[in-house]
Amino acid sequence: MKEFSLAEHRDEVLQLLTYVPWLTKKAGEKASKVYNDNNLSKSTIPFPVYDTMLLNFVNEAGKTGLIDKNYVYAYSEHRIRTVQDEKRIIEEVGVKEAGILVAILSKYVLGGMTKGVLWSQAVEEGVFLAVLLRMKKLLEIWDSPLA
């Protein structure tokens, strides 16, 4: 896996940290609802409606350098298979392994574009929150405390 410097993306991390209060509030809750109007015809397909803050977060994260299209390699290399594996690795990762955090964030941001339940799952399971808080902590190791 390519070495990743979190310090080079400090401003982008700070930008995403503005979502921490919302992610904290939403942890354990669904960030989407299924729209299924009973007044519509039976041939209408129900579809997910996402929380606006979630869409803003995913949009903003997707525009940063914190997204790696090759995240699958990190998952394979570190044998990450479940949400519990992700959370364990998030807690253990050090500054030199920050690329794993990028891989986890990428899985949910990119994967959610084709499998929408991933975005809501990342909020509900606290994965987005855990990744951002760990990035913040790692940046504070090398820098002054972040707001």
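Is Glu86 buried or exposed, and what is its relative accessibility? At 1% relative accessibility, Glu86 counts as buried; buried means under 20% relative accessible area, exposed over 50%, and partly exposed in between (1.4 Å probe, protein chains only).

1. Basis of the note. The model is predicted: local features need pLDDT of at least 70 and side-chain atom pairs count only at pLDDT 80 or more, whereas totals for chains, interfaces and linings use all residues. Residues are numbered from 1 along each chain as its sequence is written, and side-chain values use heavy atoms, with hydrogens and water left out.

2. Overall architecture. Helices (H or I, at least four residues) and strands (E, at least two) are DSSP runs, numbered from the N terminus. Of the 147 residues, 42% are buried. The accessible surface is about 8,800 Å², with 53% belonging to carbon and sulfur atoms; areas come from the Shrake-Rupley method with a 1.4 Å probe, and for residues only the protein chains shown count as cover.

3. Packing of H6 and H7. The axes of helix H6 (residues 99–111) and helix H7 (residues 117–124) come within 7 Å and cross at roughly 140°. Axes are lines fitted to C-alpha atoms, for helices over the stretch in contact, with angles from 0 to 180 degrees between N-to-C directions. H6 is therefore oblique to H7 (under 35 degrees is roughly parallel, over 145 roughly antiparallel, 65 to 115 roughly perpendicular, the rest oblique). Lys107, Tyr108, Val109 and Gly111 of H6 make the contact with Leu118, Trp119, Gln121 and Ala122 of H7, where contact means heavy atoms within 4.5 Å.

4. Glu86 and Lys107. Glu86 forms a salt bridge with Lys107, the closest N and O atoms being 3.1 Å apart. A salt bridge is a side-chain nitrogen of Lys or Arg within 4 Å of a carboxyl oxygen of Asp or Glu. Glu86 lies in helix H5 (residues 83–92) and Lys107 in helix H6, so the pair ties together parts 21 residues apart in sequence.

5. Other salt bridges. The structure holds five salt bridges. One of them joins Asp51 and Lys26, with closest N and O atoms 3.9 Å apart; Asp51 is in the loop between strand S2 (47–50) and helix H3 (52–62), and Lys26 is in helix H2 (residues 20–26), 25 residues apart. Asp51 is partly exposed at 22% relative accessibility, whereas Lys26 is buried at 15%.
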